[in-house]
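Open the model in your viewer and keep the sequence panel beside it. The stops below say what to select and what is there.

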Amino acid sequence: MPNDLIFSPGVDLITEKVAVVMQDRPVIGMSAWLTDALTSAKVAGRDVQLVTPLTSRLTWPTRSTLFRGAYSKWVVTGSDGEYFDGLNGVRLKWNGDLFLARSTAKPGESSSDLHPDFVVQEEPFGQLQFTVRVRHKPVQSLVLGRVAERLFNATTGSGPAGWATSEPVTQPWSPDAVTEYCRGRAPDPTWLILAGQPGAEFRPSVGTLEARRTKSGLDETVTLAVAQPGMDFPDVNQVGQWIDDIADHYELISAMVMGSYGAADGTYQPRFLGMACPIGVAAGNEAVQASSVAEMVKVEGISRALAIGPAHAPAIWYPIGNGREPRDWEKYASLMKKLIPADVAAGKR
């Protein structure tokens, strides 16, 4: 159980809307204190705003997990003493309750602009990002972590090195230990951090695993970020083969693969290094059952969609782009219109 927010050791300030956490370390991972602050804030109905100096970098678990709330922000102190959003560069201002974009902090102020520290030119490195969700039957023989092993092996050359509930990762990799830990917490959901193998022969990688009970079974969601050499991403067909392999062995619900940018070691600086762009999307058999394979592969702008997984319960792989073209988001938007009907997206059913 998390601490009450007022007793969370990582929280420096609590307001009506947010919990403010101040960190000045060079690399900020999802430490036990930061994890407790996030969980405690959620229970208290607040978002987290993380304040760091310009020199701090974030790990993938921190960047992908901490900023999901409406008021969640990475607040960076610039070289001029002003604040800006480390994810989009917009200048920020404290309004007495939370950090907001400068244009909305007070009526009548000039429109928001990018802080110059955010647009400093630096050499980008590719970051290959996966989000894959599968569904298991909640049986005693279930073992979690095998999906992560397949992804890590395919993209880095080795399975995960370890797992933990926070960073740094301390437990050696063991699907049996992961499964036992998640089972001990059931029916509550469990969120874990997975670390890739160290060493020059492996690409820097880190991921997360979430196990959550649903009405249909147990959903296992794996995210993974893998640093790439330079700006090169794997071919979309190669990525599709990796997702096909998972669909062959598990009930695939969805998958999203993107090309993004960060530092060579897999961390993220408060800099604009380029826009994340889609590589491919997979829709599971649930989507196919509502229509047909022949109908589901027809998407404007996507010509090579194909069925993957077992013939009796196929999923669909939609190859979108190379991970570097912002215009590919138009293809993604067309696909979402196909997969999510307008009335469902509007919450009418």
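Are Phe 84 and Phe 118 buried or exposed? Select the two residues: both are buried. This is a predicted model.

**The pair Phe 84 and Phe 118**

Keep Phe 84 and Phe 118 on screen and show their rings. The ring centres are 6.3 Å apart and the planes stand at 65°, so the pair is edge-to-face. Phe 84 belongs to strand 7, while Phe 118 is in the loop between helix 3 (102-105) and strand 10 (125-136), so the pair ties together parts that are 34 residues apart in sequence.

**The pair Phe 130 and Trp 242**

Now select Phe 130 and Trp 242. They form a tilted aromatic pair, with 6.3 Å centre to centre and 45° between the planes. Phe 130 is in strand 10 and Trp 242 is in helix 6, so this pair ties together parts that are 112 residues apart in sequence. Phe 130 counts as buried, at 0% relative accessibility. Trp 242 is also buried, with a relative accessible area of 15%; the cut-off for buried is under 20%.

A search of the whole structure gives 9 aromatic pairs. For another aromatic group, select Tyr 83, Trp 94 and Phe 99, which form one cluster.

Beyond its neighbours within four places in sequence, the contacts include Leu 151, Thr 155, Val 222, Leu 224, Val 239, Ile 243 and Met 256. Trp 242, from the pair above, is one of these contacts too.

Which residues of the largest nonpolar core touch the most other members? Select Phe 130, Val 132, Ile 243 and Leu 252: these four do, in a core of 40 residues. Then colour helix 6 (residues 236-249), which supplies the largest share of this core, 6 residues. In soluble globular proteins, nonpolar side chains tend to be buried together.

**Strand 6 and its two partners**

Select strand 6 (residues 73-77). Of its 5 residues, 4 are buried, and the strand is mostly covered.

Which strand pairs with strand 6 in the parallel sense? That is strand 4 (residues 47-53), over 5 bridges. To find one of the bridges, pick Leu 50 and look for its partner in strand 6, Trp 74.

Strand 7 (residues 83-85) pairs with strand 6 in the antiparallel sense, over 3 bridges. Here Thr 77 has Tyr 83 in strand 7 as its bridge partner. Strand 6 and strand 7 form a hairpin with 5 residues between them. Centre on Gly 81 in the turn, which has a positive phi of about 85°.

**The whole chain**

Zoom out and switch to the C-alpha trace, which spans about 60 × 50 × 45 Å along its principal axes. Colouring by secondary structure brings up 10 helices and 19 strands. The radius of gyration is 21 Å, close to the 20 Å that the globule rule gives for 349 residues, so the protein is as compact as a globular protein of that length. Of the 349 residues, 48% count as buried. Among contacts with a separation of 6 or more, 66% are between residues 24 or more positions apart.

Technical notes. Residues are numbered from 1 along each chain as its sequence is written. This is a predicted model: local features need pLDDT of at least 70, side-chain atom pairs count only at pLDDT 80 or more; totals for chains, interfaces and linings use all residues. Side-chain values use heavy atoms; hydrogens and water are left out. A nonpolar core is a set of buried Ala, Val, Leu, Ile, Met, Phe, Trp, Tyr and Cys residues joined through side-chain atoms within 4.5 Å. Buried means under 20% relative accessible area, exposed over 50%, partly exposed in between (1.4 Å probe, protein chains only). Helices (H or I, at least four residues) and strands (E, at least two) are DSSP runs, numbered from the N terminus. Contact means heavy atoms within 4.5 Å. Two strands pair if DSSP finds at least two bridges between them. Rings of Phe, Tyr and Trp (its six-membered ring) pair if their centres lie within 6.5 Å; planes under 30 degrees apart count as stacked, over 60 as edge-to-face and the rest as tilted. The radius of gyration is taken over C-alpha atoms; the globule rule is 2.2 Å times the number of residues to the power 0.38.
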